[in-house]
Amino acid sequence: MRRQVTGLIVLIVLVAFLVLGVMRTHPFGHPDATAMDDYIIENAQEETGSNNVVAAVLFDYRGLDTLGEATILFTAVTGVLLLLRASKRKEETS
Amino acid sequence: MLTKIVRTVANQLIVFIVVFGLYVIAHGHITPGGGFQGGAVIVSGVVMLLVAFSSQELKKSLRERVLSIMESSGAIIFIILAFIGIGTVFFYNVLVGTPIFGGIPDFGPGPGDFWTGGVIPLMNLAVGLKVIAGLSAVVLALALFSSGEEVEE
Amino acid sequence: MMEHIPLNFPFLAAALLVGVSLYIIIFKKNLIKLIMGIAMLASGVNLFLVSLGYRAGGTAPIYTDVPEGTMVMSIPQALTLTSIVINVAVLALMLTMAIRIYRHTGSLDSEKSRKMKG
Amino acid sequence: MDTLITHSAILIIAIPLAAAFLTIPIGMASKKARNALVIVSLAFVAFLVFALARDISINGIHIYTLGATSPGLAIPTGFIVPVRIILEVDGMSILMGMIWSIVALAAAIYSLSHIAKETGQNRFYTLLLLMVTGGFGMMFTGDLFNLFVFLEITSISGAALIAFRTKFADTQEGGFKYIVVSAIASLMVLFAIGLLYGQYNLLNIGALAQVIQYTTPDKIALALLVIAFTIKAGLVPLHLWLPDAYSVAPASITGMLLITSHTCMYAVFRVCFTLYGGVLDTPVVGWIIIIFGLLSMFVGVTMALRQKDVMRFLSYHAISQLGYMWVGVGVGLAVLGNAELVATFGRDAISGGIFHILNDAMYMPLLFFIGGALFYCTGTRDLTKMGGLAHKLKWTTILFIIGALCISGIPPFNGFSSKILIYESVFRFHPILTIAGIIVSILILASFIKVFHSAFMGAELSEYKAVKEVPKSMIIAMVILAAGIVFITLFPSLIVDWTIHPASDALLNQGGYINAVTGAIP
């Protein structure tokens, strides 16, 4: 019971926080500051030669993020295969 | 294992799914899509095969060892592509302006040329290889484990 | 009438989606439901991120034969893409551990499968 | 050499990553080659970190812009804000990097024999290297979203490594708790990044710090960032996952997980001092951190007193030690707005907290490694079942005594030199903090005497007749950390002058951090 009340309080506080936060964000569809994105949309074709600006951001401007993202996928695959492995070697069992 | 109808249809459909996935990967720099998306498309085909056939059946053609090496090599190609820019800066797009994928499109809307983007198409291919191998391995390993088999080392 | 509808509706939707998923995470005992809650939390955050970059009347930030006009911001889309892949990875690992826990304890109830206390 | 230094920031991140990708194919061919790859790559990275540290102490903050036409070109020519990801290494980051490189190397050496009997070693070392990458990335990055990505790398690889011993149920439970907590925490970070990005259209920490205004969404973003990183760092009352996860991981991983906690703590400092430093209502945030830090100290040590499991015992002590750092740096944060107070004791308090991070990162992994060695020899983590192990494990006993004396802050060991720095400076802020710290220290000493007595002293038990000294590689790893302790113990003032003061100055010097990116004098 006590846990439920604590949980409820945490939930209400967090949701109130988030709603308050997003209410004060810029109106939807009309961002205030766009300098960085405008630069990328203007220059992506010339600097990277890619017509797809999102691809230019992913693999050029924010390439390290994508390398990290690929690494995370690699990590998860390695982790899954590690956890599902047989805990005894084949030669030991036979 | 599902009925013969499902298996036959799945066998035919997988070709189209793989072709579409490869298209999405290869054109990542000019149309919506890229390595992750195209890879996910192909893995959805693998999942379809997994549903149509059993995981034991699929294991014969997709070895986990092979998938592991494929995934590692995809990752290694990606990081090498990042490393070749280190003459200037890590992740520098060295291929822009060279004959290989070096074309620079005119500013503004246009039909898009395949030979553009520098290292971006190559990175898309590397990521695609990685995603296909990695996610297939995960799906296959989970399916095998639920049917009581553990992954070999 | 139209002016009274808050323009921030997509942001609010994202916040509420986060709220619902937090409810699931805090109150549900089943591990699979917990994992679903985290997946929903991720969707809420992704929805928030991608709607931040929208510009009224904008097209996708890809130069095709579509006539020139405003384009929506491209960085939030790239960030969302990254975040989606990250969440796929996290989900795969969480499900694996849930399967392992089920194998060991025979239960997916977080109260029953709990061994460690204090 | 100059080129190496120019690119060292990214090489430190990329070399373990490339080694991780190579580990599985190489490991399939040969085990020895794989082990050599892991150790050599980590040793080379450690060398690069120290070379970079030397360069930073001479030339100041190191900048590396990824994908630009030159590494120092943070902002594209003719533009106003940074567009690309920038790695920014200052005194604080490089101190964390030095700690991480040493502990990671020791943990890898320790693992060589600690997990030698288990299956799945190729993937174990892959994940270990990935965790190293994630940690370095978190320390060196100057970009908020990049921080999130590396945080995720660290958490996912950490969770998989915690659950490494799949045949026990509790490992899976610990790993599951860890990944759930990390997933929630990192999504909170992502939401906060969204709030900041939506207002300023920036992701670079330095550039954001220049324009941040402390509006309502900014405050909420601050709260989310601080809560998320303190969850991951294990501050009471958000610590409940920590002992469960730490106690079941292989001991080498527990040592590394502790440093990831320190890294999350570093992220909190980065957010409070650098990102929000100019606008923050510092006394309030400082006091909140101090109070929860005090709570951590007490809760950690009192919970540790009643533990029977040696790894859980040490995990609770780790929480309690984290409390000291929170208090030290929290005091510095509380007086940040007042230049006079900062000069009289604020800087010393921050230095004390940071010095304690360095010391804790040496003796706490050592103690975890010893806990792992006990488990390796006896097959149990239950302290009540152990006894008389000093007869068989000579090296381990000596190292345990060193670690226990350090953690309890007995002079002249290194734990004492940082604690005294915290006590002196914190006393000028509020005497009660110092008294609390001394009481906790006494309790720590008492609990360690109890454990030493029950595990090492007494007659030799019959069931441990066959126990032998632990394998060489485990002893080498522990000796590396013990050598670090001895070095700090012998030359505390040298260490403080060379590494700690630059680190605390880097935290206080928000303008320098911004200037390095934007080139503008704020």
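## Contacts of chain A and local backbone features

In this predicted model, 37 residues of chain A are in contact with 42 residues of chain D, two residues being in contact if their C-beta atoms, placed from the backbone, lie within 7 Å. Helix H1 (2-23), H2, H3 and H4 of chain A each supply at least two residues of the side that touches chain D; helices and strands are DSSP runs (H or I, at least four residues, for helices; E, at least two, for strands), numbered from the N terminus. H4(A) gives the most to this side of chain A, with 14 residues. By class, the side of chain A that touches chain D has 16 nonpolar, 11 polar and 10 charged residues. Nonpolar here covers Ala, Val, Leu, Ile, Met, Phe, Trp, Tyr, Cys and Pro; Asp, Glu, Lys and Arg count as charged, and the others, Gly among them, as polar.

The contact between chains A and B takes 24 residues from chain A and 37 residues from chain B. On the side of chain A that touches chain B, helix H2 (35-48), helix H3 (53-61) and helix H4 (63-83) each supply at least two residues. The largest share of that side, nine residues, comes from H4(A). Its residues divide into 14 nonpolar, seven polar and three charged.

Residues are numbered from 1 along each chain as its sequence is written, and chains are lettered from A and ligands numbered from 1 in the order in which they are written. Because the model is predicted, local features need pLDDT of at least 70 and side-chain atom pairs count only at pLDDT 80 or more, while totals for chains, interfaces and linings use all residues.

Most residues other than glycine have a negative phi, and most peptide bonds are trans.

| Site | Feature | Value |
|---|---|---|
| D:Val236 and D:Pro237 | cis peptide bond | omega about 10 degrees |
| D:Pro411 and D:Pro412 | cis peptide bond | omega about 5 degrees |
| B:Phe101 | positive phi | about 50 degrees |
| D:Tyr214 | positive phi | near 65 degrees |

D:Pro237 lies in the loop between helix H8 (216-233) and helix H9 (241-248) of chain D, and D:Pro412 in the loop between helix H14 (394-407) and helix H15 (414-429). B:Phe101 is found in the loop between helix H4 (64-83) and helix H5 (120-146) of chain B. B:Phe101 counts as buried because it has 21 C-beta neighbours inside 10 Å; the cut-offs are 20 or more other C-beta atoms within 10 Å for buried, 12 or fewer for exposed, and in between for partly exposed. D:Tyr214, in the loop between helix H7 (205-211) and H8 of chain D, is partly exposed, with 13 such atoms.
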